[in-house]
Amino acid sequence: MDDEAVIAGRREDMPGGTPPGRSRGRLADEVYEALLGQMMSLRIEPDSRVTIDALARELGVSQTPIRDALNRMEAEGLVVRVPHAGYRIPPQITRHRFEDMLEIRLLLEPAAARRSAERASPEQVAGMRSMLEDMAELEGGKGPMAYGAFGLRDAAFHDLVALSAENQVIREALARLHTHVHLFRLHHDAQVTHLAMAEHEEVLAAIAARDPDAAAYAMRRHILRSGERFRRLFDEAEAAEGMAEKS
């Protein structure tokens, strides 16, 4: 579904900024989905500025659902608020930063998985299972919207592991990296989602079995394999740039 279809129906705003029959929350969700689709498809380019007025005109809604959607995206690390200048899309990740983030993840996330296997409550394990079930429904979905939604749930799964490890410092450090937000803007590849799902299942199985060593190993292997997949994307991009320079 394209961005225009997401913001469907009549576009004339009613008092309070909500079209007939649609709540403020529902309209903000539709705006969020439209903006996420534009960002993940690079229709909104990395490091570009976005303004509430311009988005309201483009999507045909009032500023209220735009603000609600952007506030949510800011909390998820999808946009950055610039004082007195609206919002900005984070720049595309560089290879050097990617390698730095991979190194930090290898230091932090296996330790978090180990602690999760020791400390996670049954409710937290069930929450991780529910998140993987949500991701399974999106697995192999077509288009940037489905891929972006999968990426956000991927990040949420890793956050749940860190939360259940009861180490707030690790959780905050991983959240600040916004690793998944950056990586999932690199490429839309259904194979990436399929492989990630299988690896997440291995992590969760070890946590549920209360096997700290297996959980740490599964997480480390997942991060290494993910690194290999995304490293190939950098190789392909650099090869394409080299060909373009020669032509």
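Predicted model: local features only at pLDDT ≥ 70, side-chain atom pairs only at ≥ 80, totals over all residues.

Me: Okay, how many helices and strands does the protein chain have?

Reply: The protein chain has eleven helices and three strands. Going along the sequence, the pattern reads α-α-β-α-α-β-β-α-α-α-α-α-α-α.

Me: And what do the strands form?

Reply: An open sheet, with the three strands in the order 1-3-2 and antiparallel pairing. Strand 1 (49-50) and strand 2 (80-82) are the edge strands, each pairing on one side only. Strand 2 is joined to strand 3 (residues 86-88) by three bridges.

Me: Which residue stands opposite arginine 81?

Reply: That's tyrosine 87, in strand 3.

Me: Switching topic: how many residues are in the largest nonpolar core?

Reply: It has 25 residues, and Leu35, Ile66 and Leu70 have the most contacts inside it. At least two residues of this core come from each of helix 2 (24-40), helix 3 (52-59), helix 4 (63-75) and helix 7 (143-164).

Me: Which helix gives the most to this core?

Reply: Helix 2, with eight residues.

Me: What is leucine 35 in contact with, leaving aside its neighbours within four places in sequence?

Reply: Leucine 35 is in contact with Ile44, Leu55, Leu59, Ala69, Leu70 and Met73. There's also another core lying apart from the largest one, with 23 residues, including Ala120 and Phe150.

Me: What about aromatic pairs, how many are in the whole structure?

Reply: A search of the whole structure finds one. The ring centres of phenylalanine 98 and phenylalanine 234 are 5.2 Å apart and the planes are at 45°, so the pair is tilted.

Me: Where do those two phenylalanines lie?

Reply: Phenylalanine 98 is in helix 5 (residues 95-119) and phenylalanine 234 is in helix 11 (residues 212-246), so the pair ties together parts 136 residues apart in sequence.

Me: Are phenylalanine 98 and phenylalanine 234 buried or exposed?

Reply: Both are buried.

Me: Last one: what sits over the ring of tyrosine 32?

Reply: The charged end of arginine 72, which is 3.6 Å from the centre of that ring.

Note on methods. Residues numbered from 1 in each chain as written. Heavy atoms only, no water. Core = buried A, V, L, I, M, F, W, Y, C linked by side-chain atoms within 4.5 Å. Buried < 20%, exposed > 50% of the residue type's maximum accessible area, 1.4 Å probe, protein only. Helix = DSSP H or I, 4+ residues; strand = E, 2+ residues; numbered from the N terminus. Contact = heavy atoms within 4.5 Å. Phe/Tyr/Trp six-rings, centres within 6.5 Å; stacked < 30°, edge-to-face > 60°. Lys NZ or Arg CZ within 6 Å of the ring centre and 35° of its normal. Pairing = 2+ DSSP bridges.
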